[in-house]
Amino acid sequence: MGFLTGFYALFFYVAVLIFLVGVGHKIYEYARTPAPLKVPTMPAPLTTTGVAWRLTTEVVFFKSLFRANKWIWILGWVFHFCLLLVLLRHLRYFIDPVWLWVDLLQPFGKYAAFGMVAGLAGLLLRRIVVERIRYISNPSDYIMLILLLIIGMSGSMMTFVKHTDIVQLKAAFLGFLSLNWQYNLPADPILFVHLTAVFALMIVFPFSKLLHAPGIFFSPSRNQVDNAREKRHLAPWAAKLEN
Amino acid sequence: MAAKATFDVPQMQEYPIIPMLKPNAMKTAGPFIAKPEHQAPLGFPCELVENWEQKAVEKLGELLEKYRSLRVYLDACVRCGACTDKCHYLLGSADPKNMPVARQDLLRQIYRRYYTVPGKIFGALGWEWGKKLIGAKDMSKEVLDDWYNYFHQCSQCRRCSVFCPYGIDTADISMAAREIMDSIGQGQKYCNEIIGKVFKIGNNLGLPGPALQDTLEGLEEDVEFNTGVKVRFPLDVEGADILLVTPSADFFAEPHVDGLVGYAKVFHQAGVSWTMSSYASEAGNFGMFIGSYENMRKISLRIRKAALDLKVKRIVFGECGHAWRVAYSFMNTLAGPFDFLDPKYPVPQHICEFTNELIKAGKLNFDKSKNDHLKITFHDSCNVARATRMGDVEGGQFTIPREVIKAVCNHYYDMPAETIHDKTFCCGGGGGLLTDDLMDVRIKGALPRMQAWKQVVEEQGVTHLAAICAICKSQFTKVLPYYGFKLDQVVSVHQLVSNAIILDGQTEE
């Protein structure tokens with residue numbers, strides 16, 4: 001194992017660990033913190049099934065965003081949907097043999113990179129050009145978009161312009177996963193840029209706004225059933241006030 | 001009026017526009033600060049405590065443990081900008097800190113500094129660039145001033161939460177911020193003084209029982225004079241079937257009181273026995289405005305006690321927006337279970353639900369022509385629309401009041417679709433802002449509603465705006481003149497019912 005491969009193997013483990021433990025801890029915090037009052041944004045569903053559907057329309061179609069602003073919606077949705085395709089396509093580098101559906105997805109996942117980059121570029125442009133969004137943006141908001149753009153563009157470079165040795169890459173990552181470090185990563189600068197950006201993003205995930213991904217499932221205004229008159233909704237700390 | 005000249009009333013445009021930002025346009029010292037005598041009865045420190053910076057940060061930590069909403073909302077915002085043009089105070093004032101996300105960020109910057117890993121690290125190292133990078137800030141007087149000013153420019157109307165992809169509700173954030181400020185001794189005079197009156201006297205206006213009795217007797221005389229029918233306005237009648245809890249403004253303010261007359265006529269014609277309570281003579285619950293679960297609970301428990309003492313079977317709420325939110329969404333949790341009431345009826349019921357059921361059952365007769373001189377539009381009160389329901393289907397809070405109006409009026413028109421139902425605009429005076437020391441904020445915040453209203457006035461010849469919220473009614477009465485309309489162009493929904501209802505044995509006027 002060369003030095004660079006060793007470094008990236010370590011980077012990989014640290015990033016995965018921080019990502020999993022950090023996000024897991026956040027989800028645990030969200031789950032254990034009570035929601036003492038019924039606060040769904042109305043009109044809200046009257047049943048749990050209804051709430052599941054409401055959340056589905058939010059997560060899959062970004063329904064509220066659609067109602068809010070068509071530009072943010074189209075750019076954001078295209079970016080997220082393409083990112084999903086790209087991520088699913090990447091499963092092929094971590095499993096052997098490759099599942100059939102991942103194989104079938106391959107062409108879509110490849111070209112989705114363009115959608116992802118286009119969506120990100122649009123979002124970045126909006127952030128710079130629209131006065132209101134520029135006002136509310138922190139440096140980290142730009143950095144997040146730029147990191148994702150670097151990931152998308154470096155990835156596309158390797159897919160469409162200057163292929164990296166994908167067989168060797170896969171051997172190395174399968175090795176990392178089974179704690180076997182005999183295969184080196186291809187010595188490809190674009191690959192190292194790609195991996196650095198991906199790992200960096202995983203590390204900041206649990207400490208940043210990227211928490212919107214697990215957060216939406218815990219958002220009381222979206223995940224509560226409208227049944228306040230029928231059911232009491234007493235949080236443990238509120239129950240103590242009754243004694 | 002001389003007073004008019006002192007406020008900068010925004011221009012109504014042909015079409016709604018999103019203004020260019022004017023930083024610090026609404027930077028003021030905020031509303032009057034509560035005095036010791038307003039703070040003490042609520043259990044808050046009388047003045048800014050020692051170490052308040054640290055105490056504020058600690059209180060935020062305590063609230064993070066108590067409210068999942070706060071935790072998720074402070075983490076999840078991606079600053080996408082969806083909410084930036086949705087707040088009526090932003091549209092009316094152009095101050096960027098009235099963008100919901102910017103308002104939230106006033107609290108979020110403290111959260112990010114003291115309750116996230118990078119914030120703690122950068123804070124410990126004293127790296128200013130790092131704090132700036134992630135939008136974190138140290139707690140300071142400057143931050144507190146911004147909190148006090150801008151969290152009292154939010155009417156907790158939830159319009160931003162409708163459009164947020166994660167449902168982040170600035171109302172919850174501003175409630176938390178106000179609770180933190182109360183806990184360190186910087187409360188708002190208007191809200192806290194009113195809550196004190198409820199504890200001491202029983203209602204927001206401080207009307208004692210005997211005065212209430214007098215007022216109600218006066219109303220009985222008026223109705224008998226006008227209709228020839230003795231419609232009763234009972235107070236503290238033990239054993240009545242229904243306890244009516246209504247905002248105290250209904251006892252004397254215009255047009256509120258005409259709504260109260262409407263409820264009484266409906267109860268009379270339905271042949272039910274009902275009463276009001278001098279102990280719980282207030283539907284409004286300002287505990288919500290200041291985000292205080294404890295105070296909200298104490299106020300709600302008064303209604304429970306009144307229901308028990310008077311041995312009623314049902315509770316019905318009068319026309320009041322935030323009151324209906326606390327009643328519909330929170331009261332069962334805060335002061336329940338209400339298993340001593342008749343299980344056939346939801347607890348509580350809204351007066352519009354009550355009236356609409358009677359209309360549907362054909363138990364009320366109306367002469368709709370009595371309202372023919374009016375062309376009506378309906379203002380969906382923000383908290384009714386986005387925080388409650390009426391009836392047993394989703395969206396009943398939109399259909400039921402309109403059904404009631406249409407049953408008693410021949411001429412009804414909706415305002416533009418972008419400004420009604422769950423997209424409705426707040427009147428500009430909700431959430432504890434209905435005080436003269438916030439008049440400038442109130443006038444500016446009314447702009448989007450006034451603009452939509454102007455459109456139906458010009459295109460459909462609409463003459464009156466019907467509302468089901470005491471705050472909306474008071475606010476519109478006050479701000480309509482600033483926009484070139486007449487203050488009496490606001491009516492109560494049950495005022496329309498009152499106009500048209502045919503009472504048994506009624507003499508023609």
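Modeller: One term first: two strands count as paired if DSSP finds at least two bridges between them. Please also keep in mind that this is a predicted model.

Biologist: Fine. How many bridges do β1 and β3 of chain B share, then?

Modeller: Strand β1 (residues 242–245) of chain B pairs with β3(B) over four bridges, in the parallel sense, and within that pairing Val245(B) stands opposite Phe317(B).

Biologist: And what is the bridge partner of Phe317(B) in β4(B)?

Modeller: That is His350(B); β4 (residues 349–350) of chain B runs parallel to β3(B) and is joined to it by two bridges. Between these two strands the chain passes through helix α15 (residues 321–335) of chain B, and this β-α-β crossover is right-handed.

Biologist: Are the residues of β3(B) buried or exposed?

Modeller: Strand β3 (residues 314–317) of chain B is covered on both faces, with Arg314(B) and Val316(B) buried on one side and Ile315(B) and Phe317(B) buried on the other.

Biologist: Now the sheet with β5, β6 and β7 of chain B. Which strands stand at its edges?

Modeller: The sheet is open, with parallel pairing and the order β5-β6-β7 in chain B. Its edges are β5 (376–378) and β7 (490–492) of chain B, and because each has a single partner strand, one side of each is left without a neighbour in the sheet. Neighbouring strands here are turned by 40° against each other on average, direction ignored.

Biologist: What holds β5(B) to β6(B)?

Modeller: Three bridges connect β5(B) with β6 (residues 464–467) of chain B in the parallel sense, and Thr377(B) has Leu465(B) as its bridge partner there. Helix α22 (residues 493–500) of chain B packs on this sheet and touches β5, β6 and β7 of chain B, its direction making about 70° with that of β7(B).

Biologist: Switching to chain A: how many helices and strands does it have?

Modeller: Chain A has 12 helices and zero strands. Of its 243 residues, 33% count as buried, and its C-alpha atoms fill a box of roughly 65 × 45 × 40 Å along the principal axes.

Biologist: Take α9(A), then; what do its buried residues pack against?

Modeller: They pack against α1 (3–32), α7 (139–161) and α8 (166–177) of chain A, and the buried residues include Leu191(A), His194(A) and Met202(A). Helix α9 (residues 189–204) of chain A has 16 residues and reaches 23 Å from its first C-alpha to its last, close to the 22 Å expected.

Conventions: Residues numbered from 1 in each chain as written. Chains lettered and ligands numbered in written order. Predicted model: local features only at pLDDT ≥ 70, side-chain atom pairs only at ≥ 80, totals over all residues. Axes fitted to C-alpha atoms, helices over the stretch in contact; angles between N-to-C directions. Contact = placed C-beta atoms within 7 Å. Expected span 1.5 Å × (residues − 1). Buried ≥ 20, exposed ≤ 12 C-beta atoms within 10 Å, placed from the backbone. Right-handed = clockwise from strand over helix to strand, strands pointing away.
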